[in-house]
Amino acid sequence: MALSDLKGRSLVEPDDFTLEETESLFLLAEKIEKDVKYLRESCRGRLLATLFFEPSTRTRLSFEAAMLRLGGSCLGFAEPGSSSASKGESLADTIRMAACYADTIVMRNPKEGAALLASRYSDVPVINAGDGGHHHPTQTLTDLLTIKRLSGKIENLTVGFCGDLRFGRTVHSLAKSLARYKNIKMIFISPAELVLPDYLKSILKKANVDFEERENLDKSISEIDVLYMTRVQRERFFNEDDYIRLKDIYVLDSGKIALAKKNMIVLHPLPRVNEISVEIDSDPRAAYFKQAKYGMYARMALLASILGVV
Ligand code: CP
């Protein structure tokens, strides 16, 4: 078991942990899911700081739920206006302060690279809960655990990514991570303005990943085993008119899903806006709410490992 190697480590990018370490985390998350009492008091007396410079529902609440379920406690802020960042305190100083009070820091920040900077100034592990349009590695743990639990494997799959692939940090992290698994074909479906960044395409090419870029969801959906829908990231656009023009470009509805495999899995990191019609929620292929729950188990496994209680 490689979990003891994770003690005291930060998670800034999705491949900061080896494949073996990631697989061990999934085994632990599955054990926690099966037995709610497992590790229940293991983090008593430990503190998690949740520093959210951008809005969040799932990531912040699931981290807090994870820590509380492990017997630990949480402190932090849900928006920077209530912290001294609003008075001009630097990120480096904010992190130094949080590291004085907490055993681990979870941070979301609108700036790409903020989590890396935080990890360099922190005496305690830093977990990246999203840095701008860059990465969101714990969403990837959530996504991979969901694929593993629902497909029974993370190999020999065609994964379709649809929507805002330019700014969607969850897409960036998941694609980079999936490149480490066997025989994963990736189909990237987006308008030309929102294609996957070049640096990620270079990573996929270097890893010999079979991938294609397309614009049409209807013509692609029948090939896909796991469809990863994403919202158009309004907060990253410079121009509101562009956002309005692109926001509803893909909507998964009953007509489109009728063209898909009967056992396709529909994932979405959430929040959704319009890109998945609510009529899909009752389709057995819709897995996005289950996915959010698996996120809590993945984060429990992560915190227990980083805090060295397993
Ligand atoms: N998936 C995700 O990051 O959701 P939140 O923005 O609600 O945390």
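A polar contact is a pair of N or O atoms within 3.5 Å; within protein, one must be able to donate a hydrogen and the other to accept it, and residues adjacent in sequence count only if both atoms are side-chain atoms. The model is predicted: local features need pLDDT of at least 70, side-chain atom pairs count only at pLDDT 80 or more, and totals for chains, interfaces and linings use all residues. Residues are numbered from 1 along each chain as its sequence is written, and side-chain values use heavy atoms, with hydrogens and water left out.

View 1. The side chain of glutamine 139 places an N or O atom 2.9 Å from a ligand nitrogen. Serine 56 has a polar side-chain atom 2.6 Å from a ligand oxygen.

**View 2. A tilted aromatic pair.** Rings of Phe, Tyr and Trp (its six-membered ring) pair if their centres lie within 6.5 Å; planes under 30 degrees apart count as stacked, over 60 as edge-to-face and the rest as tilted. Seven aromatic pairs are counted by this rule. Phenylalanine 161 and tyrosine 228 form a tilted pair because their ring centres are 5.8 Å apart and their planes lie at 55°. This pair links distant parts of the chain, 67 residues apart: phenylalanine 161 belongs to strand E5 (residues 157-162) and tyrosine 228 to strand E8 (residues 226-229), strands being DSSP runs of at least two residues, numbered from the N terminus.

Notes. Helices (H or I, at least four residues) and strands (E, at least two) are DSSP runs, numbered from the N terminus.
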